[in-house]
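Let's take a walk through a protein model together.

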Amino acid sequence: MPLNPTGICAGRVAVVTGAGRGLGRAHALALAAEGARVVVNDLGVGRGGEGGSADPARHVADEITALGGEAVAHHGDIATDEGAASLVATALDTYGRLDALVNNAGFLRDRMLVNLGEDEWDAVVRVHLKGHFLPLRHAAAYWRAETKSGRRPRARVVNTTSGAGLLGSVGQANYAAAKAGIVALTLVAAAELARYGVQANAVAPAARTRMTEGVFAESMAAPPTGFDAMAPANVSPLVVWLASPASAGVTGRVFEAEGGRITVMEGWRPGPTADKGARWSPGEAGETVRALLADAGPPGPVYGAG
């Protein structure tokens, strides 16, 4: 990974959560390659959130510094207020600023809905959704203070959603609900934080990670030769661009990224409509819905984790 100190993120400071492995590691390396100084956050837990180790974050930070970049490891739980606050403080204390927040941390506890325990629901929603909200809240408070001090940021937030959150996914009610919530959080952040010079977007990646390679081993396997479409690093160029000043004017958007493909996702929009101008009876409502559905497109596909 050759470093480009004059790249599109030169002089910027970026925080990446869940950056010890997989997509987060790829994002951290790609940001550093474009000149960013990176705070590498990872709690070092297993695929299901068990355990914990400072090693993954430290190894990625060391990898960046060995290549001539600047990075610092952060081994805190960003789904706690204390951990999220210390994450932002690490960027400010180490580098004096924060320009981009890439929320990526997460894990899976897959179950069919009737077998999904309350603890499994809470754990996944906590890490994915709360783990996006708390770092965003602390970063936004910093950017608001900067704006009020006359130093308007060119700040960027890149959140991580999923095809499961956009279209649903059998066996992943907790994960899909959290990822759908991240989309809504992104749209609210884009609207509320624009006055502080903040842009917020979300990426729905498809790549080989610990969360996908076990479930979709065959489709996620690296080919013996040629382009590796499922390599996590394929997603990172879009993330780096969204985290850079070059993305000026792009906010409140959701993108799918897989291999060499980038798609702008278009969410809920009004479809066929009927207005009686008065209250429907249940029978009338049903007949009207049937007629409207005949003119509507099919619902989106339901598939596994994205």
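A nonpolar core is a set of buried Ala, Val, Leu, Ile, Met, Phe, Trp, Tyr and Cys residues joined through side-chain atoms within 4.5 Å. Buried here means under 20% relative accessible area, while exposed means over 50% and partly exposed is in between, using a 1.4 Å probe and protein chains only. Before we use these terms, a word on the model: it is predicted, so local features need pLDDT of at least 70 and side-chain atom pairs count only at pLDDT 80 or more, while totals for chains, interfaces and linings use all residues. Residues are numbered from 1 along each chain as its sequence is written, and side-chain values use heavy atoms, with hydrogens and water left out.

Let's start inside. The largest nonpolar core has 31 residues, and those touching the most other members are Ala 28, Leu 31, Val 38, Val 40, Ile 64 and Val 203. Which parts of the chain each supply at least two residues of this core? They are strand E1 (13-16), helix H1 (22-33), strand E2 (37-41), helix H2 (55-66), strand E4 (100-102), helix H9 (236-242) and strand E7 (254-258). Those labels come from DSSP runs numbered from the N terminus: helices (H or I) have at least four residues and strands (E) at least two. H1 gives the most to this core, with six residues. There is also a second, separate core of 26 residues, and Leu 87, Ala 139, Ala 155 and Val 157 are among its members.

Now zoom in on Ala 28, which sits in helix H1. Is Ala 28 buried or exposed? Its relative accessibility is 0%, so Ala 28 counts as buried. Leaving out residues up to four places away in sequence, Ala 28 touches Val 16, Ala 19, Val 38, Val 40, Val 60 and Ile 64; contact means heavy atoms within 4.5 Å. Take Val 38 from that list: Ala 28 and Val 38 are 10 residues apart in sequence, and their C-alpha atoms are 6.5 Å apart in space.

An axis is a line fitted to C-alpha atoms, for helices over the stretch in contact, and angles run from 0 to 180 degrees between N-to-C directions. Angles under 35 degrees count as roughly parallel, over 145 as roughly antiparallel, 65 to 115 as roughly perpendicular and the rest as oblique.

Next, find helix H4 (residues 118-148). Its axis and that of helix H3 (residues 81-95) come within 8 Å and cross at roughly 45°, so H3 is oblique to H4. On the H3 side, the contact includes Leu 87, and on the H4 side it includes Ala 139. Those two also belong to the second core.

H4 has another partner, helix H6 (residues 173-193), packed at an angle of about 15° with the axes 8 Å apart. That makes H4 roughly parallel to H6. Among the residues that meet here are Glu 120, Trp 121 and Val 124 in H4, and Ala 173, Asn 174 and Tyr 175 in H6. The classes come to 15 nonpolar, four polar and two charged residues.

Let's finish with Glu 120, which lies in helix H4. It is charged by class, yet Glu 120 is buried, with a relative accessible area of 11%. Residues up to four places away in sequence aside, Glu 120 touches Arg 109, Arg 111, Asn 115 and Asn 174. Arg 109 is in the loop between E4 and H4, and at 26% relative accessibility it counts as partly exposed.
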